[in-house]
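Colleague: Could you take me through one part of this model in detail? I would like to hear about the pockets and what surrounds them.

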Amino acid sequence: MAREVQPSDTPRAAAYALWMKAPNPMVTFFKTLDVTNLVRVGRRRQMKFNMLLDYCIGRAAAPVEEFYLLPVGDKLIHYDTLAVNTIVKNAGGGVSSCDILYTEDLDAFSQQYSQYTAQVAQTCRDRDLSGDSMVIGTSAIVDTELDGAVGMNSGIFNNPFLIWGRYRKKRFRYELPISFQFHHTQMDGAPAGRFLENLQREIDRLK
């Protein structure tokens, strides 16, 4: 469920006044994650790496209250649920967008991921949950390794967004540089940093 809230009734009132009209309100953090456990769990359970990372992203964001508020147009919208978006190569040779509702149950999330990414790939039609859930965007550029990436500030889509390339093997470990872009009205640096720390912790604890 999504509903409009008055900025003055939220902890983001000052940020709304400062950043809603800013020419570039987006902030980008870069972090290198240790994804060794994610690679091992994926191989052991025969689960896709990007699905597992999307799940960990949702799990890391869930306890951070700022993720449930998002500036949409000139309004501030409160959401009760989170979704994670993934970009899918489709049957037409292009890409389509697929939103997956976050759930704590990994098997249920995996089932959703498999079902809806296959559906989107076949139909070439986006699956959009943005009317009901706060969607965290992701883009995996698996054709190359990336040191970092800065997303587009369109002024239309203000959703938080993560970008990564192929993970890298370093001796017996695997590393993945990622970028995390967010709207300054939605959150400040501290909760954004807390989310990234949560993300590493959720990757490490995945079984």
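**The pockets and their linings**

Modeller: Happy to! Lining the largest pocket are 26 residues, and nearest its centre lie Ser97, Gly137, Phe157, Asn159 and Phe161. A pocket here is an open set of points on a 1 Å grid over the protein atoms alone where a 1.4 Å probe fits, with protein on both sides within 12 Å along at least five of seven lines; lining residues have an atom within 4 Å of a point. This is a predicted model, where local features need pLDDT of at least 70, side-chain atom pairs count only at pLDDT 80 or more, and totals for chains, interfaces and linings use all residues. Residues are numbered from 1 along each chain as its sequence is written, and side-chain values use heavy atoms, without hydrogens and water.

At least two lining residues come from each of β3 (69-72), β5 (82-89), β6 (95-101), β7 and β8 (161-164); strands are DSSP runs of E, at least two residues, and helices runs of H or I, at least four, numbered from the N terminus.

Strand β7 (residues 134-140) also holds Ser139. With 15% relative accessibility, Ser139 counts as buried (under 20% relative accessible area, 1.4 Å probe, protein chains only). Leaving out residues up to four places away in sequence, Ser139 touches Ile87, Phe161, Leu162, Ile163 and Trp164, with contact meaning heavy atoms within 4.5 Å.

The second largest pocket has about 350 Å³ of space. Among its 17 lining residues, Asn50, Ile87, Val88, Lys89 and Ala140 are closest to the centre.

How values were computed
Buried < 20%, exposed > 50% of the residue type's maximum accessible area, 1.4 Å probe, protein only. Points joined across faces, edges and corners; volume = space filled by probe spheres on them.
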